[in-house]
Structures are given as C-alpha cells and as structure tokens.
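Q: Could you walk me through this structure, one feature at a time? I would like to learn how to read each one.

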Amino acid sequence: MADLSINLAGIKSPNPFWVASAPPANTAYQCHNAFAAGWGGFVWKTIGTPIVNVSSRYSALNLGQMRMAGLNNIELISDRAPETNFREIKECKKEWPNHAIIASLMTDTRDNWHDFMKRARDAGADGVELNFGCPHGMCERGMGSAVGQNPEVIETIVGWVMEAAEIPVIVKLTPNVTSVVPAARAAKRAGADAVSLINTINSITQVNMETMCPEPYVAGLSTHGGYCGPAVKPIALNMLHEIASDPQCEGLPISGIGGISNWKDAADFIALGATGVQVCTAIMHYGFRIVEEMKDGLSDFLDSKGMKSVNDLRGLAVKKVTKWENLNLNYKRIATIDYDKCINCNLCYIACEDGAHQAIALISPDGHDLGPGRLPGKLIPKILEDVCVGCNLCALVCPVDDCIVMVDVPTGKKHMSWKQYQEGLAAGKLKPIPAHP
Amino acid sequence: MPLKSFLTAKVAAENMHEKKPKFRPQEALVEAERCLYCFDAPCIAACPTGIDIPSFIKKIAEKNLTSSARVILESNPLGASCARVCPVEVLCEGACVMLDRDEKPLQIGRLQRYATDHVFENNIQVLRAPAKKNGKSVAVIGGGPAGLGCAAELAQLGYSVTVFEKDEEAGGLNTYGIAYYKMRPDVSIEEVEMIKKIGVKIKTGVEVGKKIKVAELEKKFDAIFIGVGLSSNALRLNIPGENLPEVVEALDFIRELHVEPLHKVKLARRVAVIGCGNTAIDAVAQAKRLGAEEAIILYRRREQDMPAYPHEYASAKGDGAEFWFNVLPVEVLEKDGHVTGLKLVRTKVNDQGKAEIIPGSEFVEPFGMVIKALTQAPRTDVLKRLFPKLKINKDGTVARNEVTGQTNLKHVFTAGDCANGGREVVNAVGEGRKAARGIHKWLTGEAAVGPIQKTRYGVKKPYGSGLDHPVRAPELEEEYYAKQK
Ligand SMILES: Cc1cc2nc3c(=O)[nH]c(=O)nc-3n(C[C@H](O)[C@H](O)[C@H](O)COP(=O)(O)OP(=O)(O)OC[C@H]3O[C@@H](n4cnc5c(N)ncnc54)[C@H](O)[C@@H]3O)c2cc1C
Ligand SMILES: Cc1cc2nc3c(=O)[nH]c(=O)nc-3n(C[C@H](O)[C@H](O)[C@H](O)COP(=O)(O)O)c2cc1C
Ligand code: SF4
Ligand code: SF4
Ligand code: SF4
C-alpha cells in the first residue's frame, strides 16, 4: 500500500485530502466528523470579524440531471466569533494530534494580523491560510480578492504576517486575475511557506425568467458570486501549472483546490505539482464520506503504477506542458473508428462536417458487416484519412468509450517546432508549408 | 348460456388501466436527456411519418413542450394516438442506437405522449393553416387515420378539405378499434377536434355512395382521396354453428367496449379467440381483463408462425391469456341455440408451411363465447360500386403509386388500410400525408417538403465530406435522384 501521507511546508497530514475552508469546515462538530471519515486535514472556515450572511446564498450550473457541475455562492467568511473558532480549533487539535488543522484567516491591519497569528498558534493550529481570494462581499471591504488581485498588497500583508509567524503560512490565491503568477511570486518574496489555489471565480449562473433576477435570489436582487465545483477544475489546473512551472516560484509548495471530486481529479493536481489538495463542493454535495473513494482510488492507482508514495506522483506532468511554439509540427495523428463498437449515431460525422474539417463521410454500410438490428442501408461514418487533421473532436463527441481512437501516423519527418520552422525559414533552409486549401 | 357482464365499474376500469402511463415530469426529463440527438437518426427513418424524434426529445429536455408537440403534430397529426398505439418495438424504438450500446432504447412513444398531452391538456393549438386558402378543394372519403393524415396535411398546404365519414365519430379504427388499455377513445376524438381547428370540415354520419354520390364529389372537388380502410367483417370460418349469437367478430366485440361502459360488456366465463394476429391478441387480452376466467387463443399453426408481434404476445400472456397452438375449430357446438363449446382437431405444419389436420384427433372443449379474429376483408365491393373504373389489386388493395398515392383515376388518390392491406395507424397517417403531397403536386405542380429533420443531402466534395446518398428527407430524395439522372 502506497504511503499517502504528505508534508506541505512542514504541515504533516496522513493523506493529501484536506477539507477546504468553506461551509464543511465551519465547526468543531464538522471537524470531528471529517477526520472520523478519513480526511487528512481541515482548513477552518475563514476566521475574521464575524459577518452577517444573506438568504439565499447558492446557485448552481446543472448539466441536465447532473446536479452542481458548478456551484456559485455569495456567502462571506465565518459568521462565528473568532474566540469561538479558536477555542474549537484547540479542542479539535487535542483530539486529532496527527491530523492537520489549518486556521484560515482574514483581517485588515498589521496589528490585527499579528493578533490573529498569535491566537492561531495558541490554539495549536498546524498552520494558517491567508484568505486573499474571497471574490464577493469581503473584497468590497478591502479584503479577500481585493488583496489577492494586487501583488504589492499581497507582499505587504504577507510581510506583516511573517513578522509574527511561528507556524507555516499558506497564501490562498484568487483566480480572478489575468495571471496568477505575480501573486504567487509576491507571496514567495514576502516569505510565505506555501500557496493554495484556487479560490472561487466571479460568476453569475443564470437568470430566473419569471423574476428576471439572477440566482441566488435575495429579496429581488442578486450579486456576483464565487464559482467552484467540477466545472472550474480545468481553470484551477491551468493556474496550478503556471505556478508549478514558474522558475521564480520554484520550491514553493502548493495546495491544489478547485473542482476536485474524485481520486483522478486529485491525481491530476498532484501530477501537475500540488503537494496536497483541498475539497469543498464535493463534500457539500455528498458529505465527508466521499473521501473514502478518493483515498482508495489514489492508493490503488499508486500501487498499480508501482509508486511508493504520493511524492512519487508529484509534478510528473509539469514538464509535459510547454509553450505552443515548442510543439512538433511534423507529428500527425488521425481518427480511426472501431466499427464493432460504433452505434451509428453519426454524431462524429456532423461534428466534423459542421464543426471541424469535413473529414468524415457518410457511406453505405455494405460490406462493413455491422451485425443485425441496424436499419437497413443506414449510412455509416468513414474517416477521410487524408483530410483528417487529428483534432480529436470526433473522438470527444463519440458516445461509445474507445470507439474512435486517435492513432499516430508516421510522417517520416523530423521533429520541427514552430520556433525551428521560423528559424529554418529565416535561414532559407525551409520552404513555407502551404496554407490549408 | 347468453353472455353477461361480470365486473363492477370500478374493477373494470382498474383492469383496463393504461399499460404505458404518462411520465411524471422528472421521469420525462431523465428519459429525454438520455437521447444522443443522433444525426440522421435511425429512429426518424423508422417512423412511417418521419417525425424528427431527436428534435422533439431535445425540446422536452429543454422544457419546451409546446414546440416539442408542434414538431410531432406537424409530421403526424395523430401523434398523440400514435404515441400510445404504435408498435414502437418494431418502429422507432426498435431502431434506437441505444440498443447497439446494449442499453434500453429511448422510450420515444412515452415521450411523444408527454409532449402531446401538454398541448391537449392546456388547449394549445400548435397546428396552423395558412390564412389565405389556395382556392382548391379536396374530398376525403373516410375519416380514419389515413383520411385525417391526408386532410391535415392538405389544410396546412392551404386547401379546403371536407372529410366524409359514415360513422358517428371520425377517427376510424383509431376511435373504435384500439385496445382500451393502450388508449382511451377520447384521445382520438381530441385529435379530430384539433384537425377541425385548422379548417378541415368533417361530416360524420355521411356514407359516400348513400348520402352523397361520388359524381357529386367529382363535380364539387378538385381531387378525391379514398381512405375507407378495411371491412369490419373478417373472413368467414365456414363451419357449422358460426351464426350462433355467442359467435362474434373481434371488431364488434372491441367496438362494443368503446361505445358501452366497460362493465356492461358481455362475455362468457370461458372465451375462445380464433386467430393469432394482433387483433386476436387485443381481443383475448381485453376479454381476460373484463372478467373472463379463461380467455384462450386457438391457432392452427405453431407458436413461431404466429403473425402477432412478439411483444404483444408476451404482453397478452402477462395478462393471463392462454395460447393453444396447432388446433383448428371444425364446429361450434350448441344447446338451445346457445354456444356450449367447440369441436377441435389437432394440426401439424407440413413442409410447405401449411397446417394439416391430423386424422382422428378430434376433441371437444367447452366455451361460452367464440370471438373470430381472422383477417379483415377488403371493401372491394363498395369500392367497385363507388368507382367502377378504379383498379384493384388481386389481394383487394387499391392499386396506387407508392409515393404519391395516385390511383389509375388521375383525380383519385388513396392510402391507409384499403391501399396497404392493413397495417398500423402510423402507416395510414404517413401514407395519407404523402398522398396529400401527391395531390398537391398533381394540382399545382409544386413539391411540398418538410417538416422533416433539417439536414443536407447529397452534398458532394469539395464542399462537404461527400455522401453516398442523400440524408433523410424522402421527398427531396426523389428530387435528388431525378437530378442525378
Ligand atoms: C382490432 C384492431 C386493433 C388495432 N390496434 C392497433 C394498434 O394498437 N396500433 C396501431 O397502430 N394500429 C392498430 N390497428 C390498425 C389500425 O387501426 C389501422 O391500420 C388504421 O386505423 C387504418 O386507418 P385507415 O384510415 O386506413 O382505416 P380505418 O381506420 O378503418 O378508417 C376508415 C374509415 O372510413 C370510413 N368509411 C368507410 N367507408 C366509407 C364510406 N363509404 N363513406 C364514408 N366513410 C367511410 C370508416 O367508417 C372508417 O372510419 C388495429 C386494427 C384493428 C382491427
Ligand atoms: C459556500 C462557500 C463558502 C466558501 N467560503 C470560503 C471561505 O470562507 N474562505 C476561503 O478561503 N474559501 C472559501 N470558499 C472557497 C473554497 O474553499 C474553495 O476554494 C472553492 O470552493 C474551490 O474548491 P471546490 O471546487 O472543491 O469547491 C468557499 C466556497 C464555498 C462554496
Ligand atoms: S480528428 Fe478532427 S478532423 Fe479528424 S475526423 Fe475527427 S473531427 Fe474530423
Ligand atoms: S460518434 Fe462514435 S458511435 Fe457515433 S457514429 Fe461516430 S463512431 Fe459511431
Ligand atoms: S436513435 Fe435513440 S438516441 Fe438517437 S436520436 Fe433517436 S431516440 Fe435519440
């Protein structure tokens, strides 16, 4: 059995799965339940001057019957008093000494940051997370993403925090920026021990056509909310990779967050450089028990690959992402259809015909031996191999697993990137590749 | 013994509950979302009226039930009936690609019902006829599915249409013949009302040939459509006792339970149904549901020779009907003028596929009622009388052009059971609609197309990927092939 334990900037936890700072991490009661269910860490719901929340608070993007592909919320930080939160952290830490409890903090002045740092340490927290991400409400008061969107302010505040820091400091970044890298660099420059990302993304999920008011509805009005859940994972992974591959951020541990719902999502984050992961929406959807599936899945996967620990997986895919200009222009793959699997929905045809490169024809099924039960004469798709550009679209739309497979076709040509191509052209060594007809 | 009824109104109604009930809203959504929205979907091609199934299902998934019903009813004005009565297993659902993915096919019939129920329950009229008529008129003889399909299409093309129907209600067998557990007759009546709303005049109680002469129709109308269906009389058994009062035609028995309250329908405790087509199955299942202790199909061939659909067979067995194969009635036995039983012989199917009597195999079984469900006879005599020069095929069907429905008399078109020999409601509607387009082409020279799935056809390289054949659009197909020549 692979070793799932991690050490993130000195914070140790028995597995990489942490409850993110959010409603599931609100109270001691939840903390006990989370650890009992198997979570390795618990990032307490952001502690600050207690706020007042509105009703209602959430809205979602459903994909048909698939609920909460994306979740939007307009909740603020903890509505409980700091003393309650710190007292409960202390109680929990006593009971769960080997699990990680991180106090998420948000405040304003230098003195207040110093005060919070001291109280977090006194409560026995294993570390703190600075919430520079909350994209609604708190930013209007100069906190949350108002801080996270400004690298200079990040640097200043992290600087204050580090003055009083006796336990590891994680800076939680907002995705509501053109590039997340300057924020990560600022945190690192100011001495932060780690960063975590992403917090939620500015969003409006939908408009109610009866009230003409977006959801969530609060007495006839709504507001921009923070978006999370499965839909945001690709955005989170992209930002994670940007930091993980940034030379100036080298060595900066990252706690990955955003849309993690299962072990594979977690593995994606770890392979792209995260030390551990945090989860919110999946717990809000299914409860703490979901960690069981995550742990088993990751552990079995590591075993199947002969990896001894999570560390063996970490960062394996970071170098596999490069700039476009380094990609090989002479590589070619094309689509192939496995007619034994094909159900003849012809979605590949219309996708390629209307949405891509007109590289699939519909042909007579005669001679393809497609078995009984088919409508006689029903046309079947055929890849026009010389036209196919290998874009993957048909394989993506095909509703049958492994029915359209993309295969390499040897071109007999040497590796040539855009950079090499441009250099070759400039040196007169290469002829221009003719434009697509 | 004379026949009598056995059940209370409550029990009769319960026994005749709908086999395929309406979806609840979420059920419909879950089902609709399974649809892949196939391109050139096989389910469309398998529907004789060519309803754009992926389109109407997508609209259900998008909670746009009115548009969904419009897609259905524009292609098939009897879409609400067909949703209930079509043998979907061998039509649309039997062609669904899900079967190839080893999954259940989409429940297209039930979804179709869900959408059409919405507009009927809420009184939304989705069919429209042009405000300005084209000045041409057509007489439709027979208000069954074929006649209604033709009339609705013509009205939508701008014609003045009058339907002459000899029965009290229009709808034909769709009103009087469908098994009660599949559909209530009011669904058929509602569709007739909807068709009236697009300007089709329906004159019920008017038998052409009696109350109005064909010559008069020929004078008043530009074209005539014949959709008289088949005769309600089946072929005869030609055995002693056939005329006893408890020997009834399946269609008369079924008609009775459409016009009488269910619990008043009269039966015997032990009922024999002769024949094994779909009508026989409907009769035996309804006899069983209405209180017959034993309802038994007597069929002279083997199980595998049975013309009924396998799903209908399975369903009737589920209802408790019994099936005796390789038996042939040779005499109806009587006492005091009432049926007491049947004298039967055993048969075997010979190498030529014919049923042969096994000598000396006679036996007697008690029955109180005998329902004859043999093949319906064509209305050849009537047709000959109405149109002496009309060409009729050997099998009694009216000869016609398959695509346009035109007969040898240029101004006379036909479709439905009287032309195809007896198929399904949906075939009658689809053919009726095609004949309407045939009439339109004949009278105006214009081709009418759609509403069918809006797809390209025959796009050739270098513009498209190249298609062997046109995709969908049968009407266009014809045109396309004509151009290719
Ligand atoms: C017992 C039974 C059960 C069936 N069950 C199903 C089923 O479950 N699903 C299915 O899809 N199909 C079923 N069918 C088949 C279906 O009912 C027919 O295929 C369909 O009704 C044919 O339509 P039609 O318009 O051609 O004929 P019909 O429905 O027979 O309509 C013909 C109409 O013409 C009228 N008419 C005849 N002569 C004249 C005249 N001289 N003047 C004026 N009017 C005239 C008749 O009164 C009748 O209304 C069933 C058939 C039977 C017999
Ligand atoms: C209702 C709600 C409240 C949240 N509150 C906080 C918070 O107080 N502090 C914080 O740092 N992040 C907060 N988050 C963000 C989550 O911690 C997490 O970063 C985000 O939801 C992405 O992870 P997920 O896709 O697993 O949900 C909140 C998220 C939600 C849905
Ligand atoms: S890979 Fe792209 S170009 Fe090739 S057939 Fe598929 S959709 Fe068309
Ligand atoms: S999308 Fe897949 S299943 Fe559908 S026709 Fe194309 S290859 Fe076949
Ligand atoms: S074949 Fe099945 S999945 Fe495809 S469009 Fe028709 S109903 Fe939908």
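Q: How many nonpolar, polar and charged residues are in the shell around ligand 3?

A: Sort the neighbours by class and count each group. In this predicted model, the shell around ligand 3 has nine nonpolar residues, three polar ones and no charged ones.

Q: Which residues are around ligand 3?

A: Look for the cysteines among the names first: A:C352, A:C388, A:C391 and A:C394 are included.

Q: Now to ligand 1. How many residues surround ligand 1, and which are the closest?

A: There are 33 surrounding residues, and the closest are B:V85, B:E165, B:L173, B:K182 and B:D417. Sorting the shell by class gives 14 nonpolar, ten polar and nine charged residues.

Q: What lies 2.7 Å from a nitrogen atom of ligand 1?

A: Here you need to ask whether the protein atom belongs to the backbone or to a side chain. At B:V85, a backbone N or O atom is 2.7 Å from a nitrogen atom of ligand 1. B:E165 uses a polar side-chain atom, 2.6 Å from an oxygen atom of the ligand. B:K182 also places a polar side-chain atom by an oxygen atom of ligand 1, at 2.9 Å.

Q: How much of ligand 1 does the protein bury?

A: Compare the ligand taken alone with the ligand in place. Alone, ligand 1 exposes 990 Å², and the protein buries 96% of that.

Q: How is the size of an interface often given?

A: It is often given as the accessible area lost when the parts come together. For chain A and chain B, the area buried between them is about 2,100 Å², with 56% of it on carbon and sulfur atoms. Within the part that chain A buries against chain B, A:Q65, A:I343 and A:L375 supply 26%, more than any other three residues.

Q: How many residues of each chain are in contact?

A: Count each side separately: 29 residues of chain A meet 28 residues of chain B.

Q: How many salt bridges and polar contacts are there between the chains?

A: The count is one salt bridge. The salt bridge joins the side chains of B:D40 and A:K378, at 3.6 Å from N to O. There are also five residue pairs in polar contact between chain A and chain B, counting pairs with both residues at pLDDT 80 or more.

Q: Which elements give two or more residues to the side of chain A that touches chain B?

A: They are α12 (347–355) and β18 (360–363) of chain A. α12(A) gives the most, with five residues. By class, that side of chain A has 17 nonpolar, seven polar and five charged residues.

Methods:
Residues are numbered from 1 along each chain as its sequence is written. Chains are lettered from A and ligands numbered from 1 in the order in which they are written. This is a predicted model: local features need pLDDT of at least 70, side-chain atom pairs count only at pLDDT 80 or more; totals for chains, interfaces and linings use all residues. Side-chain values use heavy atoms; hydrogens and water are left out. A residue is near a molecule or strand if one of its heavy atoms lies within 4 Å of it. A polar contact is a pair of N or O atoms within 3.5 Å; within protein, one must be able to donate a hydrogen and the other to accept it, and residues adjacent in sequence count only if both atoms are side-chain atoms. Accessible areas come from the Shrake-Rupley method with a 1.4 Å probe; for residues, only the protein chains shown count as cover. Ala, Val, Leu, Ile, Met, Phe, Trp, Tyr, Cys and Pro count as nonpolar, Asp, Glu, Lys and Arg as charged, and the others, Gly among them, as polar. Contact means heavy atoms within 4.5 Å. Buried area is the accessible area (1.4 Å probe) that two parts lose on being put together, summed over both. A salt bridge is a side-chain nitrogen of Lys or Arg within 4 Å of a carboxyl oxygen of Asp or Glu. Helices (H or I, at least four residues) and strands (E, at least two) are DSSP runs, numbered from the N terminus.
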